[in-house]
Every structure is written in structure tokens, then in C-alpha cells.
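Here are my notes on the model you sent over. Have it open while you read, and go through them in order.

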Amino acid sequence: MKEFIFKEAKKAVITGDKEKAKEIATQAIEGGIPAGELLSDGFVPGITEIGALFEDEKIYLPELVMAADAMKAAAEICNQSIPKDEVTNRGTVILGTVKGDIHDIGKSIVESFLSANGFEVFDLGRDVPVDTFIDKAKEHNADVIATSALLTTTMGAQRDLEDKLKAAGLKDKYKTIIGGAPVNQGWADQIGADAYAEDAASAAQKIAEILGV
Ligand code: B1M
């Protein structure tokens, strides 16, 4: 049954069927399928396949946009079902997608997982300038600045953040974590980020590790 639902979820994203994607997400969550599993085994494989088709020029921007709309709607339903941890505050995180980049589906999943794991998250959204990350970190006395980048052309903003933090003498004050499809541990090492996370669940683990909480 689960396998069937995952297949249908994937199909709804690939065909850009937003209403179907919402229906599947709602029913699956009500039926007790955990949001993380529904995303990772159902909806995400759909959007990943769409990305590959787009790269191979087998589909074009309108289909990509429709699939993204379906994915976003389903992800919102999944995210809402992840309970926020009201009790603990294991640390304060400033989160956003970097300047020039409007991909925010994965970043929003990260937000849900961090909130569910007891972190207070200020989600700045997408297309966020480096200076805004730093200003908000000061304003909220944050522990961590977490940036998402989905484009090879916008990853550089993650390095700019490291450089600005160092120049301002703030590198020891705020820990940094980076993520997003083109990003990896090698990039984190190269730019001096404190952590890299491959997915939303490991983002929560890595932040706990770097804060020692
Ligand atoms: Co775009 N896009 N897109 N796109 N898009 C990619 C990234 C691309 C790889 C597709 C491809 O060609 N195969 C390609 C980039 C190529 C490159 O950089 N070399 C691309 C392109 C080219 C573009 C445009 C330039 C297309 C155009 O206009 N010609 C344009 C750029 C716009 C801009 O940002 N300035 C564009 C636009 C769009 C849409 C608006 C249509 C839409 C985004 C909608 C939205 O987000 N609101 C879109 C989509 C959907 C994609 C793909 C297909 C899927 C991204 C996604 O949502 N994945 C993507 C292909 C791909 O990634 N395979 C693609 C699902 C999501 C759950 O995964 O975001 O990776 P992800 O997040 C994961 C992990 O990465 C990690 O955890 C998440 C959950 O587990 N993670 C973190 C993410 N952030 C993290 C932060 C952390 C830790 C972990 O700590 C801080």
C-alpha cells in the first residue's frame, strides 16, 4: 500500500498535478505515513526526476514550474504535519536561501525538521542577501546561520558569508551550516563552513553536534 502511495505521489509531481499531489499528501498523512518518509520516498523522487528531464531538455520551464507547484503544495502539507517542539530551545537558527536563488522547497523542509527537533528557527525565505543573514543573527542573538543554495551560480554566496563573518570578527560567534543539491562536504571545507548537511534530518543532527546540545 505504502509503495503504491509513493508511486502516486511521484506521478502527481511529474505530471504537475497540484490538486492530486495535495490530495495524496493529505490522505497519506491522515493514514499515518510519516511526513519525512512520504517526502523522501514519494514526492522528492518525482521532483528529482523532473530536474533530470529538464536538464536533458526533455521538458521545458513551464513543465518544471508546474511540477514545482505540485511539489511545493505537497511539501507544505507534509511540513505542517511535523509537530513543532514547543518545550526545548536547543539553539537559535537563522535560515534562508541565498541571494539570487528562489529555490525554497528543500529549505522549508529543513525548517520543519529543525523546529521539530527543538531549535528556534527564523526563516528569512529565499533570495536573502548575505548582510541580512548577519543582521538577523545579531538581532536574534542566533547560534547558527544556515544557508541553502540550489544553483552552482549562487553557491558563492555561502563563501561570501564566511568571508564577511571573518572580516567582521564574528566567525566564532555564529556557527554556519550549508546545504542544497550542488553543495557538499568538500565545499564546506573549502569555504570554512562549520557543517554541511545532505538532507533535512541530518541538518538537525549536524546542528546539534556543532552546538554540542
Ligand atoms: Co530549478 N534548477 N531553476 N527550479 N530546480 C535546479 C536546481 C537544477 C539542478 C535543474 C536541472 O537543470 N537539473 C538547475 C540548476 C543547475 C545548476 O545550478 N547547475 C536549475 C535551474 C537551471 C533553474 C533555473 C535557472 C531555470 C530557468 O529559469 N531557466 C531557475 C533559477 C531561478 C532562481 O533561483 N534564480 C530555476 C527555477 C526553478 C523553479 C522556480 C521552477 C523551481 C523552484 C520552486 C521553489 O523552490 N519554490 C525549480 C525546481 C523545483 C528545481 C529542481 C527540479 C528541484 C529542486 C527541489 O525542490 N528539490 C532542481 C533539480 C534538483 O535539485 N534535482 C532544480 C526537492 C528538495 C526537497 O530538495 O532542494 O535539494 P533540495 O533540498 C534538500 C537537500 O538539498 C537539503 O535538504 C533538503 C530536504 O532533504 N538541503 C539542505 C537543502 N537546503 C539545505 C540547507 C541545509 C541543509 C540541508 O542547511 C542549511
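**Notes on the predicted model**

1. Start with helix α9, residues 200-211: its 12 residues reach 17 Å from first C-alpha to last, close to the 16 Å expected at 1.5 Å a residue. The expected span is 1.5 Å times one less than the number of residues. Helices (H or I, at least four residues) and strands (E, at least two) are DSSP runs, numbered from the N terminus.

2. A word on ground rules: this is a predicted model, where local features need pLDDT of at least 70 and side-chain atom pairs count only at pLDDT 80 or more, while totals for chains, interfaces and linings use all residues. Residues are numbered from 1 along each chain as its sequence is written, and side-chain values use heavy atoms, with hydrogens and water left out.

3. Back to the ends of α9. After the helix comes Gly212, with a positive phi near 65 degrees.

4. Which residues of α9 are buried? They are Ala200, Ser202, Ala203, Ala204, Ile207 and Ala208. Buried means under 20% relative accessible area, exposed over 50%, partly exposed in between (1.4 Å probe, protein chains only). Their cover includes β1 (91-97), α5 (105-116), β2 (119-123), β3 (144-148) and β4 (175-179).

5. Now the ligand. Its cobalt atom has a single donor from the protein, NE2 of His103, 2.2 Å away. Donors here are N, O and S atoms within 2.8 Å of the metal (3.2 Å for Na, K and Ca); water is not among the atoms, so sites may look incomplete. You'll find His103 in the loop between β1 and α5.

6. The largest nonpolar core has 41 residues, and Leu38, Phe43 and Leu114 touch the most other members. Such a core is a set of buried Ala, Val, Leu, Ile, Met, Phe, Trp, Tyr and Cys residues joined through side-chain atoms within 4.5 Å. Helix α4 (residues 61-81) gives the most to this core, 6 residues. Both domain 1 (2-81) and domain 2 (89-211) contribute residues, so the core lies between them.

7. About those domains: the bounds come from an automatic or database domain assignment. Their C-alpha centres lie 25 Å apart. In contact terms (heavy atoms within 4.5 Å), 7 residues of domain 1 meet 6 of domain 2.

8. Last, look at Glu162 in helix α7 (residues 156-167). Glu162 is buried, at 1% relative accessible area. Leaving out residues up to four places away in sequence, Glu162 touches Lys171, Thr176, Ile191, Gly192 and Ala193.
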